[in-house]
Amino acid sequence: MTVLRLALQSLANRWLTALLTVLAIAVSVILLLGVEKVRTGARQSFADTISGTDLIVGARSGSLQLLLYSVFRIGNATNNITWPSYQDIASSPDIAWTVPLSLGDSHRGFRVLGTTPEYFTRYRYRQTHMLQFSAGRPFSDLFDAVIGADVAQTLGYKVGDPIVVAHGAGAVSFVEHEDKPFRVSGILAKTGTPVDRTVHVSLEAIEAIHVDWQSGARIPGQAISAEEARTMDLRPKAITAALIGLKSKLASFRVQRAINEYRQEPLSAILPGAALQELWGLVGTAETALSAVSAMVVATALLGMVTMILTTLNERRREMAILRSVGARPRTILGLLTAEAVVLIIAGTGLGVALLYAGLWVLQPFIDRAYGLHLAIDPPGAREALLLGGIILAGVAAGLLPAVRAYRLSLADGMTVRV
Amino acid sequence: MSDIVRMADVRFAWPGRGSFALAIDEFALQAGERILLIGPSGSGKSTFLSLLCGILVPQTGRIEVLGTDLGALSGPARDRFRAEHFGIIFQMFNLLPYGSVLDNVVLPLAFAASRRKRAGSAHASALGLLQHLGLGGELAARSATKLSVGQQQRVAAARALIGSPELIVADEPTSALDRDRQQAFLDVLFTQVREARATLIMVSHDQSLAPLFDRVVPLDKIAREMQA
């Protein structure tokens, strides 16, 4: 008891350096736990990019490639699904709903997705969240477009603005569908998913802007105006991929196999959850790097604490001699210095956790809105508890270093102070 | 009167240093005696006191305090023995820089159970001692570092005296004080030592203090420096 009181008094006497040391430890704890929070939040957000969809179907390819172009709008499909095959699959008895996706065009770097209005009701992210309109409504006219939140923000579009779709997926395109301009009919609310960076148009519109095209170029002398296109048969000949909802999840593997073995055309079906996990395994190495960096910061803070205690040790040899003279054992000196380290490390860790949660509480809505990253405010889990325990143990172990030195000094000094 | 300290055939050499060693063939101190050890600095005074207080243990020979052979005690037991039976005053920097005057005075009681019992109420007895040493009033609550050197030495005296230990050991306690203050400090110290019926052993290089003591012993008479 005396030892703890002495340690506290000694620290209070050096309150400024003690406070700075506690702050350094607190900041390192915030960083370590914050990285952990962002990591789990990002992993969750990533896994929650698409939910409620049981299967994704595309032309035969690897599951990652199919996931990347159909959900993340990265890369291109190698091939299409013909409309009859799609119709055939959509009509199979296990399937509750399908949403076709048609990709290949872009608008100023943002991908254009041809789909049906059902997309806006079927697409789910973060488990149960539906797409919401922050302005306007789904497309009703042939040349209506619904844009994601990032598209609207980056390009400053409002409902009613005209946009021209370019052929191909590049940011700069020389071939545009300028003869058939679109009009923004709706803007989606921020989701934190690739939907934010997508321009949505109807499947028929994709067909309409390509009606006078062949093999990626206009057919010379056969220009068809937008008005003429409206009167034509705009049923798509092919789509890029499709989202599928099943009547029962139990049928997932059966339907997947059936699609993979589809005879008329080489197709692939993937389970989005499994593919997302596979993809996270690839991008997830960055999280290890982040964790390593924050572990380094914790080590730096602990080194700072040891340095702070060690530098005061010499001027405190008198203090040790006094304590020895009144009957303190060398072991008490050891305990005193260790207690100081323990007090610093526990105060630092506690402050860090408190500040982290305060910060989360304040910043969470902002981070959710700005980055679509949902950071859960829940009590520290087993992993966090393990990390905190590890920090405290490492701190105590580091604190033993100056304590043992003081112990040696007080044994050697006895009652006299050799400075 | 009986001997409170008895040393015989003591040989001590600093481990690992080799160059300096101290030999004490015989030394005895009677209970209630006030003795002045005279010696220039560097003559082994600190080593002598450390041996007496049981912080250092001689390689050979015997040091008895209150009939207890210090060499026979374990390290922690020696520390407890020192806490119970010794009050020690250093030359300067006697006080813990953190903590109040009162904290500093009651410090030894934390390590000595029977001294704590003898002191009764620690605070009351500390305040009483401070009062007697001329440090009454609100000084007790003040931070120890805020005091003058003379006041600090008197706080150290109060700490040495609290709980009435049998032996008061003072290592040049007045060398940091000017003449007038030296006299005043020694006056109050002697009064308190007499009242507590304690034995006082003081080390100094100042011959002029000699008349105040029962006995004056030049250190070189009892302790020989040796080249080991």
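Reader: At what angle do helix α2 (residues 15–47) and helix α13 (residues 330–371) of chain A pack?

Author: Two packed helices are described by the angle between their axes and the distance between the axes. Here α2(A) and α13(A) pack at about 50 degrees, with their axes 7 Å apart. Axes are lines fitted to C-alpha atoms, for helices over the stretch in contact, and angles run from 0 to 180 degrees between N-to-C directions. Helices (H or I, at least four residues) and strands (E, at least two) are DSSP runs numbered from the N terminus. This is a predicted model: local features need pLDDT of at least 70, side-chain atom pairs count only at pLDDT 80 or more, and totals for chains, interfaces and linings use all residues. Residues are numbered from 1 along each chain as its sequence is written, with chains lettered from A and ligands numbered from 1 in the order in which they are written.

Reader: Which residues of α2(A) and α13(A) meet?

Author: Among them are A:Ala18, A:Val22, A:Ile25 and A:Lys37 in α2(A), and A:Leu344, A:Gly348, A:Leu351 and A:Leu360 in α13(A). Contact needs C-beta atoms, placed from the backbone, within 7 Å. By class, this contact of α2(A) with α13(A) has 15 nonpolar, five polar and one charged residues. Ala, Val, Leu, Ile, Met, Phe, Trp, Tyr, Cys and Pro count as nonpolar, Asp, Glu, Lys and Arg as charged, the others, Gly among them, as polar.

Reader: How do α1(A) and α13(A) cross?

Author: Their axes come within 9 Å and cross at roughly 60 degrees. That makes α1(A) oblique to α13(A). The crossing is right-handed. The contact includes A:Leu4 and A:Leu8 of α1(A), and A:Leu336 and A:Glu340 of α13(A). Its residues divide into nine nonpolar, three polar and one charged.

Reader: In what order do the five strands of the open sheet in chain B lie?

Author: Strands of a sheet pair through backbone hydrogen bonds, either parallel or antiparallel. In chain B the order is β5-β4-β1-β2-β10, with antiparallel pairing. Pairing takes at least two DSSP bridges. The edge strands are β5 (68–69) and β10 (223–226). Four bridges join β2(B) (residues 21–30) to β10(B). B:Ala21 stands opposite B:Met226 in β10(B). Helix α1 (residues 45–52) of chain B packs on the sheet, touching β1, β2, β4 and β10.

Note on methods. Two residues are in contact if their C-beta atoms, placed from the backbone, lie within 7 Å. Angles under 35 degrees count as roughly parallel, over 145 as roughly antiparallel, 65 to 115 as roughly perpendicular and the rest as oblique. A crossing is left-handed if the near helix is turned anticlockwise from the far one by less than a right angle, and right-handed if clockwise.
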